[in-house]
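Hi,

Here is the structure I promised to pass on. Have a look at it first, and then read my notes below.

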Amino acid sequence: MRPPAVSMLNRHAISEYHPGCRIAPDAGAVRIELSGDWTLAVLEKVHAALPSSREVPKGAQALEIDLARLQILDTAGALTLVSFRESIGGTAARFINVRPEHKILLDEVARAASAAAEAAPRSQPIADFIRRFVSALTAIGRDAISLTMFLGETSAALGRVIARPSKFRGTAFIHQIQMTGLTAVPIVSLVCFLIGGVIMQQGARQLRNFGAETLAIDMLGILSLREVGVILAAVMVAGRSASAFTAQIGTMKMREEIDAMRTLGIDPIETLVVPRILALIVALPLLVFVADIMCLAGGAVMSKVYLALDTPIFLQRLNAAVTAKHFYVGLIKAPFVALVIGLVGCLEGLRVTGSAESVGTQVTAAVVKAIFLVLVLDAIFAIFLSASGF
Amino acid sequence: MESGTDQQTASLANGGKEAYAIRLRGLTKRIGSQLIFENLNLDVFRGEVLAVAGGSGAGKSVLLRTVLGLMPFESGSIEVLGSDLSTVEGEERTSIERRWGVLFQDGALFSSLTVLQNVQVPMREHLNLPLKTMNELARLKIAMAGLPANAAHKFPSELSGGMRKRAGLARALALDPDIVFLDEPTSGLDPIGAAAFDRLIRNLQRTLGLTVYMITHDLDSIFAVCDRVAVLADKHIVREGSPRELVQNPGHPWVREYFCGERARLIEKAS
């Protein structure tokens with residue numbers, strides 16, 4: 001095979017041979033003579049050189065496009081030529097004096113161009129928008145259904161584990177408690193300490209207007225124990241652990257490890273989901289306790305700095321303001337919130353499809369949904385508990 | 001298929017530097033303390049299809065990445081289209097990069113762009129073309145790569161492995177390159193898909209006058225499309241020549257095992 005002469009030259013340099021075109025009416029036939037380089041680099045000149053279809057005389061028996069003096073031709077030039085031939089008369093026009101290497105290219109481009117032209121579906125922006133909008137709406141419903149189904153599946157798996165305790169993955173359970181609970185203690189403590197301080201400071205500042213600064217301690221105590229401790233702990237865990245669950249399970253799903261487990265007769269829900277959710281149900285209440293204490297500690301420090309109240313006085317005041325009831329109201333939410341976070345994290349992990357990109361998408365979805373559901377659940381609990389007199 | 005040596009002489013007769021598309025001389029490279037290439041020489045002639053073969057871990061991909069400038073090397077020279085890559089910088093370097101196209105193993109398409117937009121990326125980056133022209137050209141390249149017209153508006157995640165490779169090839173061809181680098185173009189394809197891809201490469205190579213540098217394990221590909229094979233083993237190119245020459249005279253244990261094994265004999269007989 002002979003390497004075509006074309007490749008001996010640099011097609012990308014601005015050519016010395018300007019593309020040119022001349023119409024030479026012969027006897028009976030119209031001849032269009034082309035010259036120079038017809039390449040992508042000089043495409044503007046190529047378009048400028050071509051005569052418009054009006055300039056080509058009508059009614060001639062034959063249209064001939066003479067390529068004898070054409071130098072370099074690339075796909076862009078060939079495409080221009082092919083569509084020019086279409087525009088001036090389709091099959092009535094033909095190329096003459098074509099060099100063999102140009103002919104291969106022109107034929108291939110003509111074939112590909114006709115393939116590209118047929119059935120290129122036009123995009124419909126409005127219909128697409130409506131379709132996307134509707135599917136986003138129904139996605140909420142589908143999410144709710146699949147989460148409920150997943151809750152059922154997990155409960156069934158939990159039931160099987162309780163019936164046959166030997167199936168329980170103790171090591172995984174303890175490991176998950178460490179990962180979701182123990183390692184979260186520093187960050188949860190720090191955040192709660194700061195927020196406790198902020199609540200104290202802001203409360204005291206507003207209540208000072210009424211001469212009731214010390215009531216800020218009541219507010220801090222009730223708010224921390226009932227709401228802030230559990231919400232902050234849950235949001236931190238949703239950010240740390242829901243994402244971790246999705247990433248771990250998602251990676252296994254992506255590498256077909258989950259499928260491998262199924263073929264080996266191992267139930268992935270029992271092995272992966274149950275220990276994680278149980279661990280979270282144990283770890284989150286403990287974290288909530290830590291969060292409560294740290295909120296109060298932050299408030300105590302702030303009251304000393306801002307209100308000049310000594311800690312014993314702060315504690316006395318706190319003791320008068322809160323009862324064990326407030327603490328339990330906060331704590332009772334923790335296992336439910338933990339269940340939701342664990343379910344969302346594991347479910348999104350199992351929804352991962354083949355690509356690494358989908359792991360990222362699902363992790364984001366898991367965190368957003370988990371935090372959203374934590375707040376919704378908290379609101380439902382607040383209404384329910386205050387209606388029932390707690 | 002004509003033999004590679006005829007072509008070499010033909011290319012060489014055409015004169016000096018311009019006969020070589022790629023020329024590696026005395027290339028030495030280490031990764032950490034491990035010596036990967038030692039005094040490696042390789043010529044790729046214009047208008048030929050060269051396969052770089054070698055066992056797993058022989059450094060085929062590293063060699064490709066070194067030539068492309070994605071990995072540094074210690075000593076030696078890499079000459080592409082007559083310019084020494086270690087000395088050119090800036091504009092001149094970009095102008096060489098415009099003259100090659102690369103097909104990575106899984107296409108390496110940008111996942112956030114449609115196939116059409118992927119093919120247009122090099123055009124947007126290097127040329128100032130009106131959108132209509134870019135659309136036309138990109139559609140043409142997509143059709144030339146053998147993809148159906150409705151694939152243009154799909155995202156890479158919606159394509160099968162074979163289609164992603166074709167889309168990657170369309171992007172590699174976007175600027176009408178002189179050299180195309182293919183990294184295992186037929187891996188992961190079924191035999192029918194692989195044969196179709198081989199034909200596509202051969203067709204495009206003839207139509208566009210390409211020089212093709214491809215890494216491959218695939219004996220079918222080697223016999224179907226390659227003018228010459230360079231075998232990478234023991235830190236350098238141990239054998240070069242047309243597939244037939246290497247079958248008749250392997251000259252190196254790995255080459256013998258590869259080209260004279262049971263599978264190679266069947267394929268060679270068939271072709």
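This is a predicted model: local features need pLDDT of at least 70, side-chain atom pairs count only at pLDDT 80 or more; totals for chains, interfaces and linings use all residues.

Chain A has an average pLDDT of 87, with 91% of its residues scoring at least 70. Within chain A, the element with the lowest mean pLDDT is strand S1 (residues 20-25), at 75, while helix H11 (residues 324-350) has the highest, at 95. Go carefully with residues 1-9 of chain A, where the pLDDT is below 50; that stretch still has 23 contacts in the model beyond near neighbours in sequence.

Chain B comes out with a mean pLDDT of 84, and 93% of its residues reach 70 or more. Its residues 1-16 have a pLDDT below 50, and this stretch makes 22 contacts in the model beyond near neighbours in sequence.

Now chain A in outline. It has twelve helices and four strands. Of its 390 residues, 37% are buried. If you take the chain A contacts between residues at least 6 apart in sequence, 85% of them join residues at least 24 apart.

How do helices H4 and H9 of chain A cross? The axes of H4 (residues 125-163) and H9 (residues 268-307) come within 10 Å and cross at roughly 95°. Angles of 65 to 115 degrees count as roughly perpendicular, so that is the label for H4(A) and H9(A). On the H4(A) side, the contact involves Glu153(A), Thr154(A), Ala157(A), Leu158(A), Arg160(A) and Val161(A). They meet Ile269(A), Glu270(A), Val273(A), Val274(A) and Ile277(A) of H9(A). By class, that contact has seven nonpolar, one polar and three charged residues.

Staying with H9 of chain A, take a look at Ala300(A), which is found in this helix. Is Ala300(A) buried or exposed? It has 21 C-beta neighbours inside 10 Å, and 20 or more make a residue buried, so Ala300(A) counts as buried. Leaving out residues up to four places away in sequence, Ala300(A) touches Thr311(A) and Phe314(A). Leu315(A) is 15 residues from Ala300(A) in sequence, and their C-alpha atoms are 8.1 Å apart.

The axes of H3 (residues 100-117) of chain A and H7 (residues 191-208) of chain B come within 8 Å and cross at roughly 125°. H3(A) and H7(B) are therefore oblique to each other. Ile104(A), Leu105(A) and Glu108(A) make the contact from H3(A), and Arg206(B), Thr207(B) and Leu208(B) make it from H7(B). By class, this contact has three nonpolar, one polar and two charged residues.

Last, the cores. The largest nonpolar core has 108 residues, and those touching the most other members are Val109(A), Leu50(B), Leu140(B), Ile142(B), Phe181(B) and Val212(B). Helix H2 (residues 75-89) of chain A gives this core its largest share, seven residues. Apart from this core lies another, of 63 residues, including Ala291(A), Leu318(A), Ala338(A) and Ile341(A). Back in the largest core, Phe181(B) is one to click on. Not counting residues up to four places away in sequence, Phe181(B) touches Leu64(B), Leu68(B), Trp100(B), Val102(B), Leu103(B) and Tyr213(B).

Cheers

Key:
Residues are numbered from 1 along each chain as its sequence is written. Chains are lettered from A and ligands numbered from 1 in the order in which they are written. Axes are lines fitted to C-alpha atoms, for helices over the stretch in contact, and angles run from 0 to 180 degrees between N-to-C directions. Helices (H or I, at least four residues) and strands (E, at least two) are DSSP runs, numbered from the N terminus. Angles under 35 degrees count as roughly parallel, over 145 as roughly antiparallel, 65 to 115 as roughly perpendicular and the rest as oblique. Two residues are in contact if their C-beta atoms, placed from the backbone, lie within 7 Å. Ala, Val, Leu, Ile, Met, Phe, Trp, Tyr, Cys and Pro count as nonpolar, Asp, Glu, Lys and Arg as charged, and the others, Gly among them, as polar. pLDDT is the predictor's confidence in each residue, from 0 to 100. A residue is buried if 20 or more other C-beta atoms lie within 10 Å of its own, exposed if 12 or fewer, and partly exposed in between; C-beta atoms are placed from the backbone. A nonpolar core is a set of buried Ala, Val, Leu, Ile, Met, Phe, Trp, Tyr and Cys residues joined through C-beta atoms within 7 Å.
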